[in-house]
Amino acid sequence: MSDKNRTFPLPLSSVVDKPQKPVFSPVATPQTATQNAAQNAARSAALGAAHAGGRSGAGAGTGMAGRPGPTASPSRSHTYALERAQAAPAAAPRQNPLVSEAVRRAMVARVAKQGVKDAVVLGALEAVPRHMFMDEALASQAYIDASLPIGHHQTISQPYIVARMIEVMRNGGQLQRVLEIGTGCGYQAAVLSCLAQEVYSIERIKPLHELAKANLRPLRLANLRLHYGDGMLGLPQAAPFDGIILAAAGMEVPRALLEQLAIGGRLVAPVGARAQHLELVTRLGKAEWASQTLEDCHFVPLRPGTV
């Protein structure tokens, strides 16, 4: 890795911000709601089976199907079947394996093996249910270490690269205010919300902006603000930012983003066309930045404007 000081244009970098208590409480998470719903459904199914047994048994003492005679009484066999149905414990609900915290722990363990060491970042990665941000058809692949399509020629980044970029930006410090360029489906923004006091995220593709809002709404993240707009312009009304992270690759970092980085702040982004690498930019002074080249990567291209 090499360090060099220069002025515009530059590639991207990283930040320092304030850690926040985990946002995803075990009591209030969507996973808990899913488990409760499954258990209630199982209890309802067992009760319905008991009633169904009672109705079919009543038919044995009738002259017409389903209509008991005026003096009909439950047979011994019907009474016994009903008692058995009432006494039998409810069947264990079939739990969605994606809800399991063990699945997320296994994903985090793989990311740690790949070299991510920041325990706070790994904890945030474990807290966020990645499958909630993906199309149902791809949800079974949510916890593999791969980027996956989210529509509109965009992808959700692989868990390792999400963790690595945030680790570089955080640099073991505290994140106050962070800007994300490229909200996508909202997954990385949710992870960032566990680590920074304020998170701002910009998406230029309107349907993805709406998708991210829908995905994030159940999580009720009060410290996260989504914006529809041109990410290359940044968000000057909320600047300066301790950290800026880009989820798309340009040939250089837009000047607007460099100017919105706080002094001492860190910006990290993929840089390049076909051959890309992660670049870290640290703002040293009012008109001075230092850049550092990190590992190879592959991202969708950074584009101007909105669609």
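Student: Does Gln 276 count as buried or exposed?

Tutor: This is a predicted model, and every value here is computed from it. The general idea is to compare the relative accessibility of a residue with a cut-off: buried means under 20%. Gln 276 counts as buried because its relative accessibility is 6%.

Student: Where is Gln 276 placed, and which residues does Gln 276 touch?

Tutor: Gln 276 is in strand E11, which covers residues 276-285. Leaving out residues up to four places away in sequence, Gln 276 touches Ala 249, Pro 270, Val 271, Asp 296, Cys 297, His 298 and Phe 299. With Phe 299 there is also a polar pair: a polar atom of the Gln 276 side chain lies 2.6 Å from the backbone nitrogen of Phe 299.

Student: What is the secondary structure of the chain as a whole?

Tutor: The chain has 8 helices and 12 strands. Of its 307 residues, 45% count as buried.

Student: How many residues of strand E9 are buried?

Tutor: For a strand, apply the test to each residue in turn. In a regular strand the side chains alternate between the two faces of the sheet. In strand E9 (residues 241-246), 6 of the 6 residues are buried, so this strand is largely enclosed by the rest of the structure.

Student: Which strands pair with E9?

Tutor: To read pairing, look for bridges and for the sense in which the strands run. E9 pairs with strand E6 (residues 175-181) in the parallel sense, over 4 bridges. Glu 180 stands opposite Ile 245 of E9. E9 is also joined by 4 bridges to strand E10 (residues 261-272), and these two run parallel. There, Gly 243 has Arg 266 in E10 as its bridge partner.

Student: Which residues of the largest nonpolar core touch the most other members?

Tutor: In soluble globular proteins, nonpolar side chains tend to be buried together. In this model the largest nonpolar core has 53 residues, and Leu 125, Phe 133, Ile 166 and Tyr 187 touch the most other members. Helix H5 (residues 159-170) gives the most to this core, with 8 residues. A second, separate core of 20 residues includes Ile 202, Val 253, Leu 258 and Val 281.

Student: Which residues is Phe 133 in contact with?

Tutor: Setting aside neighbours within four places in sequence, the contacts of Phe 133 include Val 128, Cys 185, Tyr 187 and Leu 219.

Student: What share of contacts joins residues at least 24 apart?

Tutor: Counting contacts in the chain between residues at least 6 apart in sequence, 65% join residues at least 24 apart.

Technical notes
Residues are numbered from 1 along each chain as its sequence is written. This is a predicted model: local features need pLDDT of at least 70, side-chain atom pairs count only at pLDDT 80 or more; totals for chains, interfaces and linings use all residues. Side-chain values use heavy atoms; hydrogens and water are left out. Buried means under 20% relative accessible area, exposed over 50%, partly exposed in between (1.4 Å probe, protein chains only). Contact means heavy atoms within 4.5 Å. A polar contact is a pair of N or O atoms within 3.5 Å; within protein, one must be able to donate a hydrogen and the other to accept it, and residues adjacent in sequence count only if both atoms are side-chain atoms. Two strands pair if DSSP finds at least two bridges between them. A nonpolar core is a set of buried Ala, Val, Leu, Ile, Met, Phe, Trp, Tyr and Cys residues joined through side-chain atoms within 4.5 Å.
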